[in-house]
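Here is a short briefing for someone meeting this structure for the first time. Look it over, then read the points below.

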Amino acid sequence: MSKVLIVGAGGVGQVVAHKCAQVPEVFSEIMLASRTKEKCDRIAAQIARPIATARVDADRVPEMAALIREFQPQVVINVALPYQDLAIMDACLETGVHYLDTANYEPPDEARFCYAWQWAYQERFRERGLMALLGSGFDPGVTNVFTAYAAKHHFDEIHELEIIDCNAGDHGQPFATNFNPEINIREITQRGKFWENGQWVETDPLSVSQVYDFPEGIGPRKIYLLFHEELESLVKHFPTIRKARFWMTFSDNYLKHLEVLQNVGMTRIDPVVFEGREIVPIKFLKALLPDPGSLGPLTKGRTCIGNLISGVKDGKPRRYYVYNICDHEACYREVGSQAISYTTGVPAMIGALMIVTGAWKGAGVFNMEQFDPDPFMERLNRHGLPWTETFL
Ligand SMILES: NC(=O)c1ccc[n+]([C@@H]2O[C@H](COP(=O)([O-])OP(=O)(O)OC[C@H]3O[C@@H](n4cnc5c(N)ncnc54)[C@H](OP(=O)(O)O)[C@@H]3O)[C@@H](O)[C@H]2O)c1
């Protein structure tokens with residue numbers, strides 16, 4: 001029986017609150033805290049069990065630490081924004097509480113994400129006997145666990161890893177992002193990067209694409225090469241990997257809007273002076289775009305996220321595909337959110353469950369692939385993200 005503190009009442013926070021509430025035998029008390037308390041209260045009102053709510057500015061370590069001291073959770077699930085990661089880790093260290101997030105740290109004034117900042121907390125978490133579990137969403141998150149599962153059960157050596165994220169859903173809006181628009185656009189407009197023969201190879205943004213034929217009737221879709229954070233930890237923890245790439249589907253319509261917004265400077269992250277005051281164009285754009293939370297009732301179709309893996313087993317070459325398919329409308333019926341929030345929020349809940357039940361134990365900073373994948377894979381099937389594996 002554990003208390004859990006969820007920080008961030010956005011699309012993902014809503015799913016995490018619902019999913020933790022569905023497991024009362026593990027999460028005996030739940031608090032949802034965010035910058036805007038009304039958003040927490042709105043989510044709490046959807047759930048039959050009592051959910052405590054609070055206002056917190058997670059950028060302020062003393063404020064975050066005071067809330068943790070008051071509620072005394074065993075674990076903090078950080079589903080605010082990547083900008084808050086380090087401050088929340090500091091507050092967890094100060095108060096002696098385990099930490100979990102779904103996206104690695106990004107400095108607000110620089111569109112660059114990597115694990116270096118958070119891996120630097122390794123000794124501090126180890127000395128305090130606490131766990132920081134990084135990237136417990138779908139990608140990163142489940143994609144790391146899929147890789148660990150393949151390595152444990154199906155391969156002696158993994159040589160090539162392709163992580164392929166398809167959103168075959170449609171929200172009917174001219175342009176909208178499925179999670180926080182600022183974080184999403186910063187990620188997509190970066191230079192692409194993949195791992196090949198022991199080094200990173202860079203590509204121009206969205207310049208490499210191919211068509212992939214997705215299973216279960218989703219069919220062929222164009223996928224684009226991006227850099228994604230799990231590649232960094234996976235090539236470190238599975239050094240036999242010679243090539244690792246991440247791919248995502250985008251519609252022509254989405255890319256057309258993105259190109260225009262970039263060309264006119266609306267995706268800039270540096271401040272510009274407008275009518276005597278500074279504004280950051282991408283933050284202004286976020287204010288104009290549909291709130292990802294509002295897409296829940298509008299989105300139809302499915303997502304398909306999985307790993308295509310090649311390597312050897314017993315001296316023979318092997319090719320393997322493991323994936324989850326998630327239906328936007330089914331997610332909305334269950335928790336009032338679309339599948340992008342759902343596929344992130346469910347693994348966040350399962351990661352916290354791994355920590356508080358002791359299924360995953362350790363002191364320090366960890367990526368998901370460093371633990372036994374089996375109990376996590378079993379929970380995916382039980383909590384709404386069933387997976388399928390095939391040998392090709
Ligand atoms: N691993 C994956 O598969 C995956 C996939 C999608 C998203 N993600 C990550 O999931 C996280 C949440 O995404 P989302 O779509 O739910 O975003 P969102 O809808 O924008 O929600 C973010 C929430 O965090 C709150 N917040 C922001 N700054 C805060 C602060 N200083 N203190 C307290 N609360 C603060 C926001 O409060 P306000 O409402 O007051 O602004 C908002 O409620 C992001 O880090 C995103 O990168 C991971």
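This is a predicted model: local features need pLDDT of at least 70, side-chain atom pairs count only at pLDDT 80 or more; totals for chains, interfaces and linings use all residues.

Residues are numbered from 1 along each chain as its sequence is written.

**Around the ligand**
- G10, V12, A103, G137 and F179 come nearest, out of the 34 residues around the ligand. A residue is near if its C-beta atom, placed from the backbone, lies within 6 Å.
- By class, the shell has 16 nonpolar, 13 polar and five charged residues. Asp, Glu, Lys and Arg count as charged; Ala, Val, Leu, Ile, Met, Phe, Trp, Tyr, Cys and Pro as nonpolar; the others, Gly among them, as polar.
- Domain 1 (2-138 + 345-370) and domain 2 (142-337 + 387-391) each give the shell at least three residues. The bounds come from an automatic or database domain assignment.
- Helix 1 (11-21) and helix 13 (339-357) each supply at least two shell residues. Helices are DSSP runs (H or I, at least four residues), numbered from the N terminus.
- Helix 1 gives the largest share, three residues.

**Helix 10 and its end**
- Just after helix 10, G265 takes a positive phi of about 90 degrees.

**A helix pair**
- The axes of helix 8 (residues 181-188) and helix 11 (residues 281-288) come within 9 Å. They cross at roughly 125 degrees, with axes fitted to C-alpha atoms over the stretch in contact and angles run from 0 to 180 degrees between N-to-C directions.
- Helix 8 and helix 11 are therefore oblique to each other. Angles under 35 degrees count as roughly parallel, over 145 as roughly antiparallel, 65 to 115 as roughly perpendicular and the rest as oblique.
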